Amino acid sequence: VCASNLEPWGGLPWMTYPGEAGGLGHEGWGRVDALGDGVTDLAVGDRVAALSYRSFADYDLARTDMVATLPATLDDQPFPGEPLGCAFNIFRRSDIRPGQTVAIVGIGFLGAVLTKLATAAGARVIAISRRQESLDLASHYGAAETIPMHDHWQIIECVKGLTGEAMCERVIEAVGKQWPLDLATALIGFGGRLVVAGYHQDGPRQVNMQDWNWKGIDVINAHERDPAVQMQGL
């Protein structure tokens, strides 16, 4: 499930259970089983990814403008369209350019895809994550450097050494917790862009506004709520 679903998935006391059939499923793909009246741009049997919200059920409904037809070359591949669309929208909002140093804090699904996209754009990626398997995945997708996410100050010193103390032009925080946000603040260089891609859902956050002011950075919340923009990413 998406990180945004972890709290209800965990059975927290303020949620209402049981939920609706198929609920929490908003990353679905499958084949068109039936069409509504007047639908002309889809056919029964088409393999699609959709922005819908009951995809853990056997069947779900989606508007035609919230459906993307998948090419035949992907027929044997899983295709979680919604999170892939998120990754592309985060990448667009990050404005990553060739030659920049980009730190990605947290290599889960989003962090791994963003590593690939940033590397393909000509950036030098520093991947930071707790698990060795995540760091190995980041290397596979082109990360130039990997750093275990264990010690705050050690990570900062390592990035200083890798960048000649200039730090990073772009930092993408892809965890959704307080410490990674603090770490991202420390790793961003003067005039850089700090991109919040992690889903922060467990209460308020504190930020080092003095650092943000002093460094003159741009801070981007890369979460999109406009369905048309979400579909653009997909």
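Leaving aside neighbours within four places in sequence, which residues is T115 in contact with? Counting contact as heavy atoms within 4.5 Å, T115 meets I104, I107, V125, A138, Y141 and A143. Before going further, note that this is a predicted model, where local features need pLDDT of at least 70, side-chain atom pairs count only at pLDDT 80 or more, and totals for chains, interfaces and linings use all residues. Residues are numbered from 1 along each chain as its sequence is written, and side-chain values use heavy atoms, with hydrogens and water left out.

**The chain as a whole**

- There are 8 helices and 9 strands in the chain, taken as DSSP runs numbered from the N terminus (helices are H or I, at least four residues; strands are E, at least two).
- The chain is as compact as a globular protein of its length, because its radius of gyration is 20 Å, close to the 17 Å that the globule rule gives for 234 residues. That radius is taken over C-alpha atoms, and the rule is 2.2 Å times the number of residues to the power 0.38.
- Along the principal axes, the C-alpha atoms fill a box of roughly 60 × 45 × 30 Å.
- Of the contacts with a separation of 6 or more, 58% are between residues 24 or more positions apart.

**Burial and charge**

- Buried residues come to 42% of the 234 in the chain (buried is under 20% relative accessible area, exposed over 50%, partly exposed in between, with a 1.4 Å probe and protein chains only).
- On charge, the chain carries 18 positive and 28 negative side chains, with the centres of the two sets 5 Å apart. Lys and Arg count as positive and Asp and Glu as negative, leaving out His and the chain ends; each charge is placed at NZ of Lys, CZ of Arg, CG of Asp or CD of Glu.

**Helix α3 and T115**

- Helix α3 covers residues 109-120, and its end C-alpha atoms sit 17 Å apart, which agrees with the 16 Å that its 12 residues should span at 1.5 Å a residue (the expected span is 1.5 Å times one less than the number of residues).
- G111, A112, V113, L114, T115, L117 and A118 are buried in α3.
- Those buried residues pack against α2 (81-94), β4 (101-105), β5 (124-129), α4 (132-140) and β7 (168-173).
- T115 itself has 0% relative accessibility, so it counts as buried.
- After α3 comes G122, with a positive phi near 95°.

**T146 in strand β6**

- T146 belongs to strand β6 (residues 145-148) and, at 33% relative accessibility, counts as partly exposed.
- Not counting residues up to four places away in sequence, T146 touches A127, L135 and S139.
- T146 and V195 are 49 residues apart along the chain, and their C-alpha atoms are separated by 19 Å.
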